[in-house]
Amino acid sequence: MGDRMRTIPFGDLLEWMMKEYREEGKVFGLQKNKFYISRDKAKMGTAFGMSLGSGTGPAAGPHTQLAQNILTAYLAGGRFIELKTVQKLDGEFMREAIAKPCINAEDEGYNVEWSTELKVEEAQREYIKAWVLCHVAMKEFGISEERDFAFNMSVGYDLEGIRTEKIDSFIEGLKDARKVPFFNECLETLREKAGLFDSFKAADIGSISPVVCTTLALSTLHGCPVQEIERIATYLLEEKGINLFIKCNPTLLGYEYARELLDSLGYGYLSFDDHHFKEDLQFDEAVAMLKRLMEKARSKGLICGVKLTNTFPVRIERKELPGEEMYMSGRSLLPLSIGVARKLGKAFAGSLPMAFSGGADALNMKELLDTGIQPVTVCTTLLKPGGYARLSQIASTTAKKLEGAYRGIDPLKLEALSDTVLADERLRKDFREGTLSRKTGSKLPLFDCFKAPCMGEGNLPHTDEGCPLGQNIPEYLKLAGRGDFGKAFSVIAKDNPSPSILGNLCSHPCQSHCTRVDYDRTLQIRSVKKLASDNAQENFIEGLGRAAAKSGAKALVIGAGPAGMSAALFLQRNGIRTVVFEKEDKAYGQVRYLVPGFRISDDAIDRDFSLAEKLGVEFRFGCSEEHDIEALSTEYDYVVVATGPVLDVEGEGELHGRKASQASEILRAAKAGHLKAEGRVLVAGSGFQALDAARVLKREEKVTSVAILGSYGEKADWVPFDEKSQLSLEGIGFVDTIGEAGRIDLIVNGDSFPARYAGKPKQSNVFYAGECRTGSGAMVSASADGKAAAREILRREGIEDDMREFRLELKPQDIYIAKGALRKSLSSKEEGSRCLRCHDICEICTEVCPNRANAAIEAEGFGNLHQIVHIDGMCNECGNCTFFCPHAGEPYRDKFTVFWTEEDFQDSGNTGILKAGSTLKYRDTEGNVLTFEGRPEGLEPKVMSIIGSLLDKYPHYLLDMDGR
Ligand code: SF4
Ligand code: SF4
Ligand code: SF4
């Protein structure tokens with residue numbers, strides 16, 4: 001493994017493209033149903049005279065470094081391809097200068113990369129290969145009859161570097177590729193391989209224009225003086241005779257404006273001071289310079305415009321990436337970039353051509369193009385799950401904007417857009433619902449790795465693992481999306497003992513892990529569950545009868561809260577006669593007696609109770625709280641103690657030296673209808689009881705204000721944003737210190753309650769489950785703890801449990817088609833149709849890799865539809881796949897790897913193979929290397945299957961680069 005990418009010879013690229021297309025219906029992993037073919041063949045006129053088949057394309061960056069990346073972007077709908085920047089420093093030097101990982105697109109994007117990691121000559125060859133490949137693909141795949149795309153080169157960073165022989169040859173070679181012998185070599189290879197194609201004919205080779213670029217984007221470093229920018233621009237216009245876009249920085253907005261804007265959208269944690277703002281080009285200087293340059297361009301029959309904007313530098317303070325400073329992009333950059341566009345649009349009354357990137361995506365592309373800004377390129381959105389396939393949707397949104405000749409910018413529309421953008425909730429930090437990462441704690445397996453991160457493992461409560469109950473979420477979402485609530489509910493009831501209660505109250509850790517958060521919005525899983533319960537639970541209960549006993553064992557559960565009810569239901573349903581002792585006169589104690597009625601009705605609680613009751617669980621209410629566990633453990637075969645948390649302070653306690661009421665007391669009094677409170681209230685704590693207490697108090701007539709003293713400061717990452725904004729809407733404020741709350745009449749202690757028990761019980765047939773074991777926690781975790789106890793008992797009795805047994809069969813193509821596309825939120829009823837079925841097909845590492853270095857292959861003998869192989873030679877260790885893989889692991893290190901050179905094989909510890917001629921080397925998971933002449937033998941079956949599949953079906957992945 002190494003961060004060095006190997007470039008693929010042109011002939012191999014052609015063969016790879018056609019083989020993959022013919023045999024698998026995709027090209028470099030992009031499914032052919034994601035190829036973008038403009039239906040009406042309309043073209044967009046541009047300021048620089050070219051007509052484009054869509055208004056978008058990949059921005060200069062990771063998607064435009066290698067030929068296969070550019071080809072994939074073209075196929076998906078990119079028609080304005082912004083080639084990655086080149087400068088005099090390149091190759092080895094750049095690879096060493098760029099810390100890895102260098103990309104983090106988990107939410108708003110960050111990177112620490114800059115110009116190409118290839119040598120400049122290599123980069124030029126990649127761009128020429130891509131240029132020819134796109135011509136071939138255009139004809140071969142029926143995309144367009146005539147060229148509908150443009151390449152835009154980018155150079156930096158100072159005049160001295162740009163005038164070097166190396167950069168000058170680069171520019172001249174892309175202005176006219178006939179000056180580069182490699183261009184003719186590509187055409188010659190194309191002639192030799194003409195037999196590969198159906199629709200691309202030998203005669204088409206002659207129509208491949210040698211003019212690769214007629215436009216150039218100038219990139220300068222922060223702090224570059226205005227005089228230097230103008231000198232370079234003048235040189236490029238006057239001596240290179242090329243249309244020019246000057247990349248501008250968001251720093252044109254001024255420090256105060258940028259800081260306030262980002263703070264107001266919730267990005268207060270972004271750390272930057274004013275030094276770039278002071279040192280960079282100033283707005284008035286920019287306007288004056290651009291006016292002069294536009295005039296110079298006009299006199300040469302060229303155009304000079306701007307590219308808005310460069311990424312925005314911020315300090316690295318939360319270890320997002322290595323180093324000290326990183327460049328921000330994505331949704332937080334959009335308002336800044338629009339802000340710059342608005343200012344420039346006004347200053348030039350629309351006459352300044354503007355190309356754009358900086359947070360654009362499928363849901364705002366139309367509005368951007370509507371202002372006359374174009375083309376609009378994208379990057380961060382392509383780095384998220386869905387990847388290049390998303391470009392297909394983005395391109396289709398531009399179709400209606402392909403309106404012939406370029407008509408300039410409309411400053412009024414731009415102004416209006418800048419206002420609406422600020423009101424777009426998708427740009428607010430808290431839109432991401434408090435989810436930082438979808439990753440879970442599971443080890444990434446070498447094979448069969450697909451995982452729906454919403455589901456959890458089902459036997460690991462209290463870990464950061466999606467649903468602690470391990471519910472079969474994608475299945476019931478799909479069924480509910482089809483309107484089949486009856487079946488959906490029966491799937492829910494398999495794993496969830498309290499569907500109505502959790503449908504109303506669950507803290508939904510499933511949603512925090514939903515892949516869809518990296519698209520648009522997480523699936524509203526809890527709402528769908530509630531909908532299914534509301535529609536189908538009564539009927540389901542009617543059909544229930546007493547469960548048949550499968551063993552002679554008898555179980556006792558002490559406590560009928562969420563954990564006890566869960567243990568009892570699963571035990572009884574799976575054939576173990578179960579008795580429940582409960583001190584209260586009804587089940588679901590805390591839910592029933594403490595949770596406010598406006599959050600859950602008694603009917604919903606009773607409905608869940610009926611599930612266990614109808615199965616034949618025997619309940620004894622009003623029992624004593626004193627239990628002789630030792631005696632009970634001899635009377636019953638199994639005892640599950642699920643008595644809930646203990647309140648360490650009853651009645652009034654102390655908080656910061658002041659008398660404080662307990663949240664539980666407040667809630668109990670409110671539920672019983674005799675709460676008395678007045679004046680200004682401070683609730684200390686941010687757990688669910690604290691939040692409920694605040695809500696209850698806010699509804700009291702004589703309470704004048706309620707504030708919550710939350711532990712949000714240091715742990716701001718974990719603020720439940722959706723709860724917080726909801727509470728703000730209810731008029732409940734947040735304070736960081738008691739002093740901030742002002743005069744206080746009532747303090748409420750909402751802190752967590754301690755657990756009663758610690759350590760293992762003495763009797764081996766006694767289990768402690770739920771909050772009495774773990775302390776105060778989420779209800780769903782208590783429920784899962786009860787389920788885990790039931791599972792263990794069933795295991796000991798040799799009874800196979802009946803959970804998670806339903807799986808829908810869907811056609812892979814129906815799953816692939818949904819990938820990449822952003823959707824606006826749907827009604828709860830339709831919500832299930834947004835589910836991506838990550839457990840059926842994940843393949844996210846293949847989607848998010850800009851370099852196509854992870855591939856999904858078919859192989860016999862596995863559970864998953866496809867197996868993931870990593871192609872070392874295409875990887876530069878950018879790290880993006882790691883951020884999005886739902887397991888704890890790193891696909892580029894942990895998956896079965898194909899190597900192309902001995903050097904790369906030796907540099908790596910990855911399990912995988914190197915094929916050199918007829919010799920095949922295999923490194924196993926222990927690091928042992930075995931060498932085979934011809935086909936390997938005697939390896940474990942799964943490894944044999946993967947290697948066999950690579951040799952027989954995917955020989956194009958096994959490039960032997962040492963032999964070239
Ligand atoms: S998209 Fe569906 S399967 Fe994937 S995490 Fe979300 S709910 Fe689960
Ligand atoms: S495999 Fe992963 S680390 Fe390598 S280039 Fe692709 S996304 Fe980056
Ligand atoms: S991201 Fe890739 S490696 Fe991770 S689970 Fe999905 S398919 Fe497997």
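In which sense, left-handed or right-handed, does helix α4 pass helix α7? The model in view is a predicted one, and in it α4 passes α7 in a right-handed crossing. Helix α4 covers residues 120-140 and helix α7 covers residues 181-192. The angle at which they pack is about 35°, and their axes lie 10 Å apart. On the side of α4, the contact is made by Arg-125, Ile-128, Lys-129, Trp-131, Val-132 and Val-136. On the side of α7, Phe-182, Phe-183, Cys-186, Leu-187 and Leu-190 take part. Sorted by type, the residues of this contact are nine nonpolar and two charged, with no polar ones.

Helix α21 (residues 525-542) packs with helix α24 (residues 602-615) at an angle of about 25°, and the axes are 10 Å apart. Angles under 35 degrees count as roughly parallel, and α21 and α24 are therefore roughly parallel to each other. The crossing of α21 past α24 is left-handed.

The next stop is a sheet. Five strands form an open sheet with parallel pairing, in the order β19-β18-β17-β20-β27. Strands β19 (618-621) and β27 (766-768) are the edge strands, and each pairs on one side only. From one strand to the next the twist averages 15°. Within this sheet, strand β17 (residues 554-558) runs parallel to strand β18 (residues 577-582), and five bridges join the two. Lys-554 has Arg-577 in β18 as its bridge partner. Helix α30 (residues 779-796) lies across β20 (638-641) and β27. The direction of α30 is at about 160° to β27.

Strand β32 (residues 919-923) pairs with β33 in the antiparallel sense over five bridges. The bridge partner of Arg-923 in β33 is Val-929. The hairpin of β32 and β33 has five residues between the strands, and in it Gly-927 takes a positive phi near 95°.

The model also holds ligands, each with a shell of residues. Which residues come nearest to ligand 1? Of the 13 residues around ligand 1, the nearest are Cys-454, Cys-514, Cys-835, Leu-836 and Cys-838. The shell around ligand 1 divides into 11 nonpolar residues, one polar and one charged. Ligand 2 has 13 residues around it, of which Cys-849, Cys-875, Cys-878, Gly-879 and Cys-881 come nearest. The shell of ligand 2 holds six nonpolar, six polar and one charged residue. Around ligand 3 there are 13 residues, with Cys-449, Cys-842, Glu-843, Cys-845 and Cys-885 nearest. The shell of ligand 3 consists of 10 nonpolar residues, one polar and two charged.

Some details of the backbone remain. Most residues other than glycine have a negative phi, and most peptide bonds are trans. A cis peptide bond joins Gly-156 to Tyr-157, with omega about -10°. Tyr-157 sits in the loop between β9 (150-155) and α5 (159-162). The peptide bond from Leu-308 to Thr-309 is also cis, and its omega is near -15°. Thr-309 belongs to the loop between β12 (304-308) and β13 (312-315). Tyr-588, a residue other than glycine, has a positive phi near 60°. Its place is in the loop between β18 and α23 (589-593).

How values were computed:
Residues numbered from 1 in each chain as written. Chains lettered and ligands numbered in written order. Predicted model: local features only at pLDDT ≥ 70, side-chain atom pairs only at ≥ 80, totals over all residues. Heavy atoms only, no water. Axes fitted to C-alpha atoms, helices over the stretch in contact; angles between N-to-C directions. Helix = DSSP H or I, 4+ residues; strand = E, 2+ residues; numbered from the N terminus. Parallel < 35°, antiparallel > 145°, perpendicular 65-115°, else oblique. Left-handed = near helix turned anticlockwise from the far one by under 90°. Near = heavy atom within 4 Å. Nonpolar A, V, L, I, M, F, W, Y, C, P; charged D, E, K, R; others polar. Pairing = 2+ DSSP bridges. Contact = heavy atoms within 4.5 Å.
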